[in-house]
Amino acid sequence: MSSEDIRTTAAKQSDYSTTLQSIACGGTGGELTAVDSVDGKIVRIRPYNIDSKYTKEELADSLWELEKDGKTFSPPMKTAPNYFALAYKNRVYSKNRVMYPLKRVDWEPGGDPDKINAANRGKSKFERISWDEALDIMESELKRIISTYGPYSVLTVGEDGHRESKDLHAGGGMHSNLMSKLGGYTRETRTPDSVEGWYWGAKHVWGSGSNKGLGMIAPPQTGYNSWNVIKDITEYSELVCFDAGDWELTQNYGSQFWSRLLKYWEELGKEFVIVDPFCNYTAVCHETMKWIPILPNTDVAFDFGVMYVWITEGLYDKDYVDTHTIHFDKVRDYILGTDEEGIAKTPQWASERCGVPVHTIKAYARNVAKKVTSHAHFSSGSVKTPYSHEPGRTGAYKLAMQGLGKPGVQQLHLNASSMAKARIARSTSAPYSSINQCRMFYPNAQSIPRTMVAEALQKGEIKWWGSPCIVYVETSEQFQEFNYPAKPEAVLGMMRAMAEAAGMEPPTEAPKVEKVHMLWSEKPCNMNCWDGGFNYQDAIRTNEVEFFVTNHQWLENDSLFADLVLPVTTCVEDNDSMGSGMIVAQPHSGLTPPGCDRVGESFSDFEIACMIGDRFGVRDQIDLGMSVDEWIQYGFDQSRLGEEISWDEFKEKGYYFPKLDENWKDLPPGMRQFYEDPESFPLDTPSGKIEFWSQALADNFPDDKERTPMARWIIGGPAEEGWTHDETLWGERCKKYPLLVTANPARFRVHVQGDDIKWFREIETCKVKGPDGYLYEPVWMNKVDAEARGIEAGDIVKLYNERGCVLTAARISERITPGSVVVNKGSRVDPIAPHLDRGGAINLISPNNQVSKHCKGFAVTGYLLEAEKLTQSEYDELKAKYPEAFARDYDPAIGINYKSWVVD
Amino acid sequence: MKAFLIDLTKCVGCHDCQIGCKDEHCDQAWMPYAEAQPEVGQFWMKVKQFERGHAPHVKVTYMPTMCNHCENAPCEAAAKNGAVYRREDGLVLIDPAKAKGQREIMDACPYHAIYWNDALNIPQKCTGCAHLLDGDHPISVPRCVDNCHVDVITFGEEAELDLEGTEVLHPEYGTKPRVFYRGLPKKFIAGTVFDPDAEEIIEGALVTATGDAGTFTATTDSWGDFWLRDLPDAEWTVTIEHGGKKKSVAVSTVSEDQGLGDVALC
């Protein structure tokens, strides 16, 4: 900050303008957060007392209370914004904000390979241009691409957007919205990122699950909503197993209220166990947490060892298995070794693979069987690994064998985190109103899964199975084959279905569908948030991509490889409405007027689509002729909020907590009805029951040796033998790359968000200062592995496999299981050269292949690499070889930044 | 007189207190209370973290630390021209105008809670957010207190705080801190007891630590785990007994906590 940015006189109350925001790192909103500003500049961001505008009596019918053993728990009057929201001033005023439209200095529009300089993407810098010039480029390039190849050559990337909590102004499909008015587009589809194992595995065991498609369990009869799971756990569970995810961070992305819930459960005397390669942030700060260290992606072995104990000691619910499940015998025979394979999955067998002592596997089995146990899953860990469908399925098996749905035996997950149902709630996750114009999960005539974009660009054709959506899809859609380029008959079929759904005349001829030559991203972080990042960089650096434009708030990651970058507002700057839909103490609906002046020349994605729409005469098809204020009121009018509060009162107060359903306490919790009466409340599996072995998988993919009809211990092998992966300690590649990496989200980032928050970066565990003064991403290593490699704390460490090398710095800790390292995903890329990065963005070296042959989701944790100290002479060599990369501006507070990449 | 109470047993390590402090003071001056804090590098509220034990018995203690607003403040004594002053409510403040160039103020603090601002040539530290307490702002409590969502940090009249059983940091310095702690870390010895022949954990084993500092006991739970907590720094003989079997090991908690890992009882 320059000196004129420093406020030198204390503000007075009358100078302040305080707005309420719903800042979160996800699209579903966060807890009410107050932003105090003076003269259009943010002074502070803080929690808010929800009884400021309503009396406690007025709020009484909107707030829940849990009770157990005379101890009660209810939402506090003061909100608990997520830690990220409280530091959001850093994001709004980041030195990494895109201030103006930027053009890469050596890229020219027109598609001439000699003027694209594709190989310089990620290397050459940017220059400031005006919005007029930027819109000219957008107009001329879109016209050129459409006239040369057709509109389907435009790939709209990033339907999940920047992940800020916005509504009307949200990104992640405004480009698709616009392109749909220009004749079509190819849609890049998000793959089931947080839920891979459940999506590809557990759905074949217990059905579509939450949101009719995510794969974590939910009853079909309630519209796939699991209500009152937390209430059920509070009242009945004795033990909670944290299977994946780190409660104190993942679960807190919308609110930090969850720390209080855990404290309450501790007060009630519940026990907790965390099976994780890392003694995670939840395990270390609560005395009650039992940590079981495990080698990454060996959970399937552990689970089979546990099930072996249950089967041989009769410690499972046999009646339930008889009445609620089918084909248990096949899994039982496999575990006991009485099948054709003949290998008993004893605790000894399991221990040799997962590294957990035999006695601890047995103790886990008996504790879970003898205590009323629920399982909490908040993404991360084994469900994001190679072959993640296997741990997804064994996770489902464990619950099935202990009577899923029985009082206190539930699966707790993001979409089952509602504390109590409000009367007008649409689901356990949806906000009360929505005016979002970008997140239309409509199908499209041609699409590419995000995990396969690089391959599509490189090979020109790909094939996959599954629906292009991650929510609202049924299990059987995983059996459909899709192609890129899309086959004409498939395109026509899809377009006819879309037209019919929209009540329009179905087309009779397929449009011209060509390959992709332009990428337009509203989520420019695929290289370090998704998989195979270096390979993605390679694909972008080819002449196939004639134009790559990104809309984004911050100059980072994929944008460094773009030709044009358009500056976007943060959620605090927009006039919008939001609120919160899930993972907060209690969802609210709220207005979020601008909390500060706009930064630079930024516009929201909605506004950018409107501006480009102007150039093509289609603006009114996007904004529908309404002003932003009219949109916001329209959002209220089309919601059910008006049943409880008038627009005038809502507008005056700025937020509202809908009343709880009168009978909310009586709603059957989680899977209770299935437990009590499986015939009347069946699952949506083919049999209506839990299927330990899937006939549907056997019928559709009879030759798939990776995802067979039931979960197995799969180690993969060489590609020439038909394997997708060799990423375990029992194959060939481990001889060269013997460490397994855990790459979960970080404590002080959410995925790729917030790596530039300077107040986080200086927290001891957040970054490691190298001998050169650069703040490197930490690689957490056990001292055994570090000493074996001559690595000491603070050393710069090369992490590599055949996919490339990223630089990190060592943090030696007892919190890591020997044989594994932890590098949190999502630090910003800082390219030195192709396949060499200084930023420590670990997903750059994650597998290029997907989950398995028929499952094209990502595998971004639990894979192999090697660690080696970067010596001073190697460092000097790199610096001499790549002087430009090492000469880029480096800010001591936020590291690489806007100035690193923009020429004066 | 005001005081802070910091309850470490409730802390989850979110750093909200540290972030709130920075949100209030970095690049924002609240004169005459405080000049702007540099964008990074100073920690008027600092969460220290201590990794303790050995796998799989590992815990982290998070400890928010700040200016102790000492009754006998060494910084006050070291300051010239009354550059450090005590308010009626007990908060100790540095007057940025008068403190210019006075490095002695920073050097005097045995807790290292005062930082030097090179650009402004002044010492800086926690003000207890006195500008907020004095009114005319949207909130009237210190930011670290307001931001804490698990009630670790409370601020108020000393007489109204429950200070029973609390401690201060380094009482031996003799500065009479007005920041009180509950749950300051003591040492632990932990382990998992198992029978190597049966490959089973042992539940209900009696674990006794004896030494000059006293005798402490624990019983292994259904995971085979024992946790001997709140131990003083000392040398111990830890004896594990179950089913007629007995094992003794020498353990020291003088310099660190001890996670003994899997302990075979045979």
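The exercises that follow concern a predicted model.

**Exercise 1.** Determine how α7(A) is oriented relative to α17(A) and which residues form the contact.

*Solution.* Begin with the geometry: helix α7 (residues 196-206) and helix α17 (residues 389-401), both of chain A, pack at an angle of about 40°, and their axes are 7 Å apart. Because angles under 35 degrees count as roughly parallel and 65 to 115 as roughly perpendicular, α7(A) is oblique to α17(A). Next, the handedness: α7(A) and α17(A) cross in a right-handed manner. From α7(A), the contact involves A:G197, A:W198, A:W200, A:G201, A:A202, A:V205 and A:W206. From α17(A), A:H389, A:E390, A:P391, A:G392, A:R393, A:G395 and A:A396 take part. Finally, sorting the residues of this contact by class gives seven nonpolar, five polar and two charged.

**Exercise 2.** Describe the packing of α5(A) against α22(A).

*Solution.* In chain A, helix α5 (residues 131-149) packs on helix α22 (residues 605-615) at an angle of about 65°, with 10 Å between the axes. The crossing of these two helices is right-handed. A:L135, A:M138 and A:E139 of α5(A) meet A:M611, A:I612 and A:R615 of α22(A). The classes represented in this contact are four nonpolar, no polar and two charged residues.

**Exercise 3.** Which element supplies the largest share of the side of chain A that touches chain B?

*Solution.* First, count the residues: 52 of chain A are in contact with 47 of chain B. Then list the elements of chain A that each supply at least two residues, among them β3 (41-47), α10 (257-267) and α16 (358-370). The largest share, six residues, comes from α16(A). By class, this side of chain A has 24 nonpolar, 11 polar and 17 charged residues.

Methods: Residues are numbered from 1 along each chain as its sequence is written. Chains are lettered from A and ligands numbered from 1 in the order in which they are written. This is a predicted model: local features need pLDDT of at least 70, side-chain atom pairs count only at pLDDT 80 or more; totals for chains, interfaces and linings use all residues. Axes are lines fitted to C-alpha atoms, for helices over the stretch in contact, and angles run from 0 to 180 degrees between N-to-C directions. Helices (H or I, at least four residues) and strands (E, at least two) are DSSP runs, numbered from the N terminus. A crossing is left-handed if the near helix is turned anticlockwise from the far one by less than a right angle, and right-handed if clockwise. Two residues are in contact if their C-beta atoms, placed from the backbone, lie within 7 Å. Ala, Val, Leu, Ile, Met, Phe, Trp, Tyr, Cys and Pro count as nonpolar, Asp, Glu, Lys and Arg as charged, and the others, Gly among them, as polar. Angles under 35 degrees count as roughly parallel, over 145 as roughly antiparallel, 65 to 115 as roughly perpendicular and the rest as oblique.
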